[in-house]
Amino acid sequence: TVNLDSSRRCVAVLYAKMALSRLFGGKKKRDVPPTTQEAIQRLKTTEEMLEKKTDFLEAKIKQELVAAKKHGTKNKRAALMALKRKKRYEKQLQQIDGTLSTIEFQREALEMRIRTRKC
């Protein structure tokens, strides 16, 4: 019976390890990497989405500037809050610009890779 109990414990420990592995993202099946064309398309889609976000943030910055000017000296607290929001939007815009330049660089590198393969 001692041998049977130890084997049951081993099986229980093994199942517990497998469950924890699945729970915390253990070994996963490797997906097929995207083709170069698919990667370029994904980058273009991301670029378009970020450009829309840039347009949106630029509009919000203009709105906050108008709001700050409107409140002016009459309601300093509201004017300061509008300027703080404007500053936050500008910071987000700066981050998006950095991301856009990185994505653009990656896309151009992939496109160059395709061109050099064709030659």
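At 34% relative accessibility, does Glu90 count as buried, partly exposed or exposed, and what is the answer in this predicted model? Glu90 counts as partly exposed, because its relative accessibility of 34% lies between the 20% and 50% limits.

**Figure 1. Close-up of the salt bridge between Glu90 and Lys86.** The closest N and O atoms of Glu90 and Lys86 are 2.9 Å apart. Both residues belong to helix α3, where four residues, about one turn of the helix, separate them. Whereas Glu90 is partly exposed, Lys86 counts as buried, with a relative accessibility of 17%.

**Figure 2. Close-up of the salt bridge between Arg107 and Glu47.** The two side chains meet at 2.5 Å, N to O. Arg107 lies in helix α3 and Glu47 in helix α2 (residues 36-71), so the pair ties together parts that are 60 residues apart in sequence. Arg107 and Glu47 are both buried.

Figure 3. Glu111 counts as buried because its relative accessibility, 18%, is under 20%. Leaving aside residues up to four places away in sequence, Glu111 touches Ile40 and Lys44.

**Figure 4. Close-up of the salt bridge between Arg115 and Glu111.** The closest N and O atoms of this pair are 4.0 Å apart. Arg115 and Glu111 are four residues apart in helix α3, a separation of about one helical turn. Arg115 is partly exposed, at a relative accessible area of 45%.

**Figure 5. Close-up of a network of salt bridges.** The network links Glu47, Arg107, Glu111 and Arg115. Across the whole structure, the search finds five salt bridges.

Key
Residues are numbered from 1 along each chain as its sequence is written. This is a predicted model: local features need pLDDT of at least 70, side-chain atom pairs count only at pLDDT 80 or more; totals for chains, interfaces and linings use all residues. Side-chain values use heavy atoms; hydrogens and water are left out. Buried means under 20% relative accessible area, exposed over 50%, partly exposed in between (1.4 Å probe, protein chains only). Contact means heavy atoms within 4.5 Å. Helices (H or I, at least four residues) and strands (E, at least two) are DSSP runs, numbered from the N terminus.
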